[in-house]
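Please read the points below alongside the model.

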Amino acid sequence: MRGAWLVSVAWMTAMAWVDASAEIYPAVGARTSLLTIYSTTDTSVFEAAIRDFQKSNPSIAIQYEELEGTVLYRRFLGELARGTPKADLLLSSAMDLQAKLVNDGYAATHDSPSARTLPAWARWRDQAFGFTFEPAVMVFNVDAFVGRALPQTRAELIDLLRRESLTWRGRVGTYDIANSSVGYLLASQDARQSSEFGALIETMGDSHVRVERRTGALLDLLEKGELAIGYNLLGSYAQTRVASGAPLAIVYPRDYTLVVTRTAVLPASAPNLEAAHRLLDYLLSIRGQRTLADEGGLPAIRNEAAGRQSQRRILDAAVGPLRPVVLGPGLLVYLDAQKKRRFLDSWFGAVDQ
Amino acid sequence: MMRPRTLSLRARLVGMLGLLFLFGTIALLIAAREYGRLAADKSYDRLLAGSALSIAETLSIDNSAIQVDLPYAALDMLSAAPDDRVFYRVYGPDAGTITGYEDLPNWQPPSRRDRGLAFEGPRFFDAQYRGESVRFAVLGREIAEPDLQGWVWVQVGQTRRARDELAQELVLGAVAPIVLMTLLAMAVVIFGISRALRPLQNVGEDLSMRQPEDLRPVVEPVPREIAPLIDAINGFMRRLSLSIESLRAFIGEAAHQMRTPLASLRAQAHLAADDDAEGQRRSLAAVERNAARLSRLLDQLLSDATVMHRSDVRVFESIDLVALIHEAINEGVSHSRKGDVCVSSEADQAPFVGDALLLGEALKNLIDNALKYGGEADEPVQVTLQKVADGYCIAVADRGPGIPVSDRERVFQRFARGESGIAGAGLGLAIVQRAVLRHGGEVRLADRHGGGLEVILHLPRRVEGGDT
């Protein structure tokens, strides 16, 4: 009896702390532990996977906190510095920040048969694991392009914006890379991969590009027709919209298509490391991958988990080369303080003309 | 009799070789570890230096501030070690961090003079950082702007995981063949020794299967190293065979010698049974004579056996030869004939190191012989002890018939009497010679001045270590 009382006090303390963005999934069975997830993925997208996980782990209650990538990173480090680590599992599309956590020694090691099937680029030091396969795509409002061909490459996009600059003024959108960590990651990778990126940013600047923090916001604007062109958006979210009948078209840039992966890191400081291991193993398992793809629309990184959203379908759809962003120390470069300041300066210098 | 057990040859060889290989392998392992670490460091240090260099290339000065444009390749190239963490820092003339990890362990140039070394290329060092051992490269660039002077340092570090793996691989590559060779060598040794010792086993089987009287030489072919042992065994068997031969001859001769007096004893006893009183007395006298002969023969045989036995063991002690001579006369000469022996000695005492029993037997036999063959004369047997340069001479002289020169070699053999044909067991001089030889001396036979035989024993003082 006394034990139950203590648990309920702890539960209420935990509840009191939870802020508005947190969602609680009570344990299905008798609750024995609480697993806290910090994630950049929309709660609605991830919910199915959590419910499915709880079916086989009924004793684990889950607190899911949706945060922007940089906020997630800072909050985790801040709590650690204060000596009150809360997060058991960090899921972030900001691969660079996750890589930095691993590099700086905050991650616990995880090994499982599922983890070993991951491609080399989506796995680092047995401490960072990519569990989705998400190309960065161009999204167009089909209504705005009636009678026009959709640009298939960055060069064609630049060409289009230059030729009909008045038509597209104010109707181009991309991530606010100062506030969207996945946007920053994609932009920095573009800067590294493409010689045309500078020209593209300038052209988008000339077109009074609109920047947003969240993918969802950009897709909303595109769906409503306020924006006609979205650049470098995460394909998974767009695919879901298309599937639900939005007037959107997805183009995998043919010159190259960046692929990022939502990256899981187990903090060594996790209060409930054991449950975190279990959830990570679930996310990497075929069942978890299939649930993420079918229910959440997040393409599976494992080929065995073929579904509505699978790597194979993306490979079939993309005509150009796919360039996965490699999890590793290279990602630290654009996080360098000087490098980041300079990159942001030049990006916003081009965009805010 | 159980031989003391010693380690088998195989165990010894295998043990020694095993030890050798063990120490060799340990020494090699240490050397290989050092070498592996050096080699791994050398190859990965190049990457680290390349990374630091590529960062240093981008150093520039803008508005009196040092600018670094970290190239993507600078850190990406380090993912050649895929599982290693990477740290970097650029710090300026005032040691303030320009960019990167501010808390990296410092490398301080040992002295101001050494700063010049920065021109020669990057320096490397190991340090603990964030819970792991990290290898660092530091590269210096000198800045000489009007308002900014000094050195800017680029420091790049990488955890040692890939290096240690490479080093381990190198060590394994070096040590595995050696361990393999060691095991092979051990197998060859074990097998080779069994093969090499096979002939010895055959010899053993051959010997153990033999009848006791079979003393033919061993003809089993053996390796050269074992041949001396087999030669020694064969030599020993030859000597044993000779010794057994002579023992047989001796037993035959001794039996023969005893049979004659026994036969005449029986004959005389038989005759006496039917004879008259006078005849019986004569017969009894003959019986007494023959019994005396037999008794003397048995004494000599016993004496010979004693001397033979004593020859095998050394019982040398300090004795007095004068006392020994008197003792020999006391024990060996019947009371009635004591007067027939005369002793003369220059000194009252003659200290000597030797075997009292052997010399006593020799003297008894000599005096007995002298009394027997020369005692009929009026003159007593003369025993003389004389001190000579290297020891003593004992001469026993009688007035008997002497021994012809031609016989003097032969009389030392057992049962070989002189041609003079006087009856006697013929053991006496053989016993004397054996006893004297045992003391490193010699026996000489000479004609006595004025007729008779003189036997001279020359007994040299024992020289320390001059064992015979």
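1. A residue is called buried here when its relative accessible area is under 20%, exposed when that value is over 50%, and partly exposed in between, with a 1.4 Å probe and protein chains only as the basis. By that rule R85(B) is buried, at 4% relative accessibility. This is a predicted model, in which local features need pLDDT of at least 70 and side-chain atom pairs count only at pLDDT 80 or more, whereas totals for chains, interfaces and linings use all residues. Residues are numbered from 1 along each chain as its sequence is written, chains are lettered from A in the order in which they are written, and side-chain values use heavy atoms, with hydrogens and water left out.

2. Chain A has 15 helices and 14 strands, where helices (H or I, at least four residues) and strands (E, at least two) are DSSP runs numbered from the N terminus. Of its 353 residues, 57% are buried, and the accessible surface of chain A, computed by the Shrake-Rupley method with a 1.4 Å probe, is about 13,600 Å², with 52% belonging to carbon and sulfur atoms.

3. Chain B, with 468 residues, of which 38% count as buried, contains 8 helices and 14 strands. Its accessible surface is about 27,000 Å², and carbon and sulfur atoms supply 57% of that area.

4. The contact between the chains (contact meaning heavy atoms within 4.5 Å) draws 25 residues from chain B and 21 residues from chain A. Buried area, the accessible area (1.4 Å probe) that two parts lose on being put together, summed over both, is about 1,900 Å² for this pair of chains, 42% of it from carbon and sulfur atoms. A salt bridge is defined as a side-chain nitrogen of Lys or Arg within 4 Å of a carboxyl oxygen of Asp or Glu, and the rule finds 5 of them across the interface. D69(B) and K339(A) form a salt bridge, with the closest N and O atoms 2.5 Å apart.

5. A nonpolar core is a set of buried Ala, Val, Leu, Ile, Met, Phe, Trp, Tyr and Cys residues joined through side-chain atoms within 4.5 Å. In the largest such core, of 132 residues, L35(A), W168(A) and I229(A) touch the most other members. Helix α12 (residues 273–284) of chain A gives the most to this core, namely 7 residues. A second, separate core has 48 residues, among them L297(B) and L385(B).

6. Over all chains the count of salt bridges is 45. R85(B) and E132(B) form one of these, at 2.7 Å from N to O; because R85(B) lies in the loop between α2 (72–76) and β3 (86–91) of chain B and E132(B) in strand β6 (residues 132–145) of chain B, the pair ties together parts 47 residues apart in sequence. E132(B) is also buried, with a relative accessible area of 18%.

7. K364(B) counts as partly exposed at 21% relative accessibility, whereas E331(B), at 52%, counts as exposed.
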